[in-house]
Amino acid sequence: MTPRWLTPDEQRAWRAYLAATHLLEDALDRQLQQDAGMPHLYYSILANLSDAPEHRLRMTDLAEKTKITRSRLTYAVTRLEKDGLLRRENCRWDKRSSIAALTDEGMAVLERTAPGHVETVRASLFDHLTEEQVGQLEDICTGIARALEGQDAPRPAPDEVPWRRRSSPCS
């Protein structure tokens, strides 16, 4: 099978995308490390919990919202739990699951860190886009995410999206 090589336009777009996403993630990580001593992923976990009812989510739902593997989430939650920013609870309705719950300390960290985080997002991304480009960015990213999540396919295979992957058969 012959590879479908990128056209020159696609190659430039791909490289621009890579440069922008790597630089954006680096800017977010630097700001969050400076202001909260945590990487962007950990902040995202706390932010997702803050948006959830009663600031709690099943671990599988949290993995889906953060778009990471369950094993990577478990590692991050263990660290955040050790820092007192969240706690794990038994799931009352599903004995196989556990719940991640945001603590008061975790909420305080979010409230203290959010203004700097939002300013970094704005300065790094949105200040460089027109209103029309913001809409286009949303449409493009939504389309890519839907395709990668298998939402446009009849049924995605269990391991095709990160939160369904397991690092080993025993996890």
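Predicted model: local features only at pLDDT ≥ 70, side-chain atom pairs only at ≥ 80, totals over all residues.

Me: How many helices and strands does the protein have, and what makes a stretch count as one?
Reply: There are six helices and three strands. Both are DSSP runs numbered from the N terminus: a helix is H or I over at least four residues, a strand is E over at least two. Read from the N terminus, the order is α-α-β-α-α-β-β-α-α.

Me: What share of the residues in the protein is buried, and what does buried mean?
Reply: Of the 171 residues, 26% are buried. The term means under 20% relative accessible area, with exposed being over 50% and partly exposed in between (1.4 Å probe, protein chains only). The protein exposes about 12,000 Å², and carbon and sulfur atoms supply 54% of that area, which comes from the Shrake-Rupley method with a 1.4 Å probe.

Me: Why are α3 and α4 called roughly perpendicular?
Reply: Helix α3 (residues 59-66) and helix α4 (residues 70-82) pack at about 105°, with axes 10 Å apart. The axes are lines fitted to C-alpha atoms over the stretch in contact, and angles run from 0 to 180 degrees between N-to-C directions. Angles under 35 degrees are roughly parallel, over 145 roughly antiparallel, 65 to 115 roughly perpendicular and the rest oblique. The two helices are therefore roughly perpendicular to each other.

Me: Which residues make that contact, and how do they divide?
Reply: M59, T60, L62 and A63 of α3 meet R70, L73, T74 and V77 of α4, where contact means heavy atoms within 4.5 Å. These residues divide into five nonpolar, two polar and one charged. Here Ala, Val, Leu, Ile, Met, Phe, Trp, Tyr, Cys and Pro count as nonpolar, Asp, Glu, Lys and Arg as charged, and the others, Gly among them, as polar.

Me: What makes α2 and α4 roughly perpendicular?
Reply: The axes of helix α2 (residues 40-51) and α4 come within 10 Å and cross at roughly 80°, so these helices are roughly perpendicular to each other. On the α2 side the contact has L41, Y42, I45 and L46, and on the α4 side R72, L73, Y75, A76, R79 and L80. The residues of this contact divide into eight nonpolar, no polar and two charged.

Me: How do you know which strands are paired in the sheet, and which stand at the edges?
Reply: Two strands pair if DSSP finds at least two bridges between them. β1 and β3 pair in the antiparallel sense over three bridges, with R58 opposite I99 in β3. β2 and strand β3 (residues 98-102) have five bridges, also antiparallel, and R88 stands opposite A100 in β3.

Me: What makes β3 mostly covered?
Reply: Four of the five residues in β3 are buried.

Me: Why is I68 called buried?
Reply: I68 counts as buried because its relative accessibility is 5%. I68 is in the loop between α3 and α4. I68 and L41 are 27 residues apart in sequence and 9.3 Å apart in space, C-alpha to C-alpha.

Me: What sets E54 and H55 apart in phi, and are they exposed or partly exposed?
Reply: Most residues other than glycine have a negative phi. E54 has a positive phi of about 55° although it is not a glycine, and phi of H55 is likewise positive, near 55°. At 62% relative accessibility E54 counts as exposed, whereas H55, at 30%, counts as partly exposed.

Definitions and conventions. Residues numbered from 1 in each chain as written. Heavy atoms only, no water.
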